[in-house]
Amino acid sequence: MSASGLPFDDFRALLRQLPGPDSGALAAARARDAQLTKPAGALGRLEEIAFWLAAWQGRAPAVTRPLVAIFAGNHGVAAQGITPYPPSVTAQMVENFAAGGAAINQICVTNDLGLKVFDLALDYPTGDITQEAALTERDCAATMAFGMEAVAGGTDLLCIGEMGIGNTTIAAAINLALYGGSARDWVGPGTGSHGELLERKIAAVEAAVTLHGDHLSDPLEVLRRLGGREVAAMAGAILAARMQKIPVIIDGYVATAAGAILKAINPAALDHCLIGHVSGEPGHMAAIEQLGKTPLLALGMRLGEGTGAALAAGIVKAAAACHSGMATFEQAGVSGRTE
Ligand SMILES: O=C(O)c1ccc[n+]([C@@H]2O[C@H](COP(=O)([O-])O)[C@@H](O)[C@H]2O)c1
Ligand SMILES: Cc1cc2nc[nH]c2cc1C
């Protein structure tokens, strides 16, 4: 965080001058792909993924230290009765992650991914967005900076996930503020809000966006007023990954909303990111389309905690392995095209 001026200023400056893709590494990857023992284009999207890795890693694509980062936060808006689970579940699930008992633990074991969990002041929920801003500018900027630090070094493929009771309401409010439409377009069941719970959730999103409406033209204000700590930290982590040449896989509805803040500031800000999985949350596909992305997987999951990104990481690892490990036509003595 800067010692002088507004804390957000450093992030605005970083987002104005983001590094671009490495065109040399991309050209080298395309040239190698053309030599590999397969018909041209036969690995379909896996080839695109290998090129994407090369361009954003700035070298021959390799995934040797993939990491899932889960950021956990609690939300004042949960007091509005918009979610079926109590906020205490956030900390309990953090313990469950540490004990190896959650779905994400098993997917990490299956795909050989590292896992780090960052809990963010869980005893101090953010402000209730229907009444006040979620965060002060200082807290929001400090939490973004924490997210940036969290991914420093140590990985070559970052999966971004979260845990936070109430945070599908937060993501819906961010999407409504960024993209318009009606609250009903962006609100879904989350962990299981139906009937009156769902109606209260819609009303809360409407009330929040109405309350803060005069201040939502600046995406960092959208994050500060309507977001949460895990959302701010995820935005910071995605940004830090870009600076450190680490490609990113974004998880579900809530992680996508964190990315959306960055994209609203700089349209190229998510070029180093894939969306791993389209969530069962009804608004997720529309949010992904706003980012101009195509998710890798559609498995009907609606869990969060990085699961969709971690499953997609298995495919990204396979893409890198095919690209780097396959034999060329020359090496294998396989004939190339004759016509
Ligand atoms: O990311 C998603 O697509 C997603 C969809 C539904 C639920 N979740 C998870 O469920 C929690 C939020 O749900 P809720 O109903 O309390 O807003 C939070 O821990 C998320 O990780 C996540
Ligand atoms: C049990 C439980 C596990 C979760 N994992 C991510 N979000 C969650 C929400 C609940 C309620």
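Which element gives the largest share of the shell around ligand 1? In this predicted model, the element is helix 7, with 3 residues.

View 1. Two or more residues of the shell around ligand 1 come from each of strand 3 (157-163), helix 7 (167-179) and helix 12 (253-265). Helix 7 provides 3 residues, the largest share.

**View 2. Residues around ligand 1.** The shell holds 24 residues, of which Thr168, Gly190, Gly252, Ser279 and Gly304 come nearest to ligand 1. By residue class, 13 members of the shell are polar, 6 are nonpolar and 5 are charged.

**View 3. Burial of strand 1 (residues 66-72).** Strand 1 is mostly covered, with 7 of its 7 residues buried. One side of the strand carries Pro66, Val68, Ile70 and Ala72, and the other carries Leu67, Ala69 and Phe71. Residues on both faces are buried.

**View 4. Pairing of strand 1 with strand 3.** Strand 1 and strand 3 run parallel and are joined by 7 bridges.

**View 5. Pairing of strand 1 with strand 2 (residues 114-119).** These two strands are likewise parallel, and 6 bridges join them. Isoleucine 70 has valine 117 in strand 2 as its bridge partner. Ile70 is buried, on the side of strand 1 that also carries Pro66, Val68 and Ala72.

Technical notes. Residues are numbered from 1 along each chain as its sequence is written. Chains are lettered from A and ligands numbered from 1 in the order in which they are written. This is a predicted model: local features need pLDDT of at least 70, side-chain atom pairs count only at pLDDT 80 or more; totals for chains, interfaces and linings use all residues. A residue is near a molecule or strand if its C-beta atom, placed from the backbone, lies within 6 Å of it. Helices (H or I, at least four residues) and strands (E, at least two) are DSSP runs, numbered from the N terminus. Ala, Val, Leu, Ile, Met, Phe, Trp, Tyr, Cys and Pro count as nonpolar, Asp, Glu, Lys and Arg as charged, and the others, Gly among them, as polar. A residue is buried if 20 or more other C-beta atoms lie within 10 Å of its own, exposed if 12 or fewer, and partly exposed in between; C-beta atoms are placed from the backbone. Two strands pair if DSSP finds at least two bridges between them.
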